[in-house]
Amino acid sequence: IKVYIHFFDGYNYLPKDKMNGGSGLWTFTRAIKNPGNRKYKITIEDSNGNVLKSHEAYIEVKEKAIEAGYSYPYSKSEYPNAYISQGNNTGSHKGKGKYAYDFALSVGQNVRATRSGTILRVKDNSTSYGCNSAYANYANYVVIDHGNNETSLYLHLKKDSATYSVGQHVNKGDVIGKVGLSGWVCGAHLHFQVQEKCNSWWCQSKPISFK
């Protein structure tokens, strides 16, 4: 069978959206204008498109605040002297890390989520570091999934400083770890980049602007 939802616009039902089932939970995605009580209809069809059952009801649609852009990965009021020590396409920021930023922060200073999302990856057990590429895979990090194939990477964190686990939701501005010395570093700093979602913690970075 196939299950569809149709929203009523006040005159007609909108084109049907397929519901995606899994573990007894049916979901759908549609941008709906004008919050309030909205009439909708659920239809169940067989493989030939014949309607087996139809049900009408109402749903309360609420406005959702959309975050615009990315904030800095630290509190400017907490660390007013922090600055970008290495920007895009300079120094070691090449290839996948082309659009990365290094922030001049000290060991132990708080690292904050630049946008809300779900923790995708955490490495939090390393104390190894050095000033060459041989140490790259020893870096501690947090990766946050923001949806739409976009994630953010926070690199060179302090051992045992991660405050969230994989699968947990974080809000923009939450402390997710502390700056440390781990991985390929020639001095304490925070490496940050927004990147595509891939099967690794190190993915192709994307250009962004801070809000």
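**Entry 1: around I144**

I started at I144 in β12 and looked for what faces it: I119 stands opposite. Strands here are DSSP runs of E at least two residues long, helices are runs of H or I of at least four, and both are numbered from the N terminus. Before going on, I noted that this is a predicted model: local features need pLDDT of at least 70, side-chain atom pairs count only at pLDDT 80 or more, and totals for chains, interfaces and linings use all residues. Numbering runs from 1 along each chain as its sequence is written, and side-chain values use heavy atoms, with hydrogens and water left out.

I then checked the pairing of β10 (residues 117-123) with β12, and found it antiparallel over 5 bridges. Pairing here takes at least two DSSP bridges between two strands. Which residue of β13 is the bridge partner of I144? I found S152 there.

**Entry 2: β12 and β13**

Next I followed β12 (residues 141-145) to β13 (residues 150-155), which pair in the antiparallel sense over 5 bridges. One more pair I looked up is D145, which stands opposite T151 in β13. The two strands form a hairpin with 4 residues between them. In the turn I noted G147, with a positive phi of about 85°.

How many of the residues of β12 are buried? I count the strand as mostly covered, with 5 of its 5 residues buried (buried is under 20% relative accessible area, exposed is over 50%, partly exposed is in between, with a 1.4 Å probe and protein chains only). Y141, V143 and D145 point one way from the strand, while V142 and I144 point the other way.

**Entry 3: the sheet**

I wrote down the strand order of the open sheet of 7 strands: β7-β8-β17-β13-β12-β10-β14, with antiparallel pairing. The edges are β7 (84-86) and β14 (169-170); each has a single partner strand, so one side of each is left without a neighbour in the sheet. A reminder to myself: strands of a sheet pair through backbone hydrogen bonds, either parallel or antiparallel.

**Entry 4: salt bridges**

I went through the salt bridges and the structure holds 6. The criterion is a side-chain nitrogen of Lys or Arg within 4 Å of a carboxyl oxygen of Asp or Glu.

D145 lies in strand β12 and K197 in the segment after β17 (190-196), so the pair ties together parts 52 residues apart in sequence. D145 is buried at 16% relative accessible area, whereas K197 is partly exposed at 40%.

Then I looked at K39 and E56, whose side chains meet in a salt bridge at 3.9 Å, N to O. K39 sits in strand β5 (residues 36-45) and E56 in strand β6 (residues 51-61), so this bridge ties together parts that are 17 residues apart in sequence. I have K39 as partly exposed at 23% and E56 as partly exposed at 43%.

R112 and E78 form another bridge, with the closest N and O atoms 3.2 Å apart. R112 is in strand β9 (residues 110-112) and E78 in the loop between β6 and β7, so the pair ties together parts that are 34 residues apart in sequence. R112 is partly exposed, with a relative accessible area of 21%; E78 is partly exposed too, at 32%.

**Entry 5: surface patch**

Which residues make the nonpolar surface patch of about 300 Å²? I listed Y135, Y138 and W184. Patch members have over 30% relative accessible area and no salt bridge; like charges are joined within 9 Å, and nonpolar side chains (Val, Leu, Ile, Met, Phe, Trp, Tyr) within 5 Å. I placed Y135 in the loop between β11 (129-130) and β12, and its 30% relative accessibility counts as partly exposed.

**Entry 6: whole chain**

I get 0 helices and 17 strands. Of the 211 residues, 37% count as buried. The protein exposes about 12,000 Å², and carbon and sulfur atoms supply 47% of that; areas come from the Shrake-Rupley method with a 1.4 Å probe, and for residues only the protein chains shown count as cover. Among contacts (heavy atoms within 4.5 Å) between residues at least 6 apart in sequence, 61% join residues at least 24 apart.
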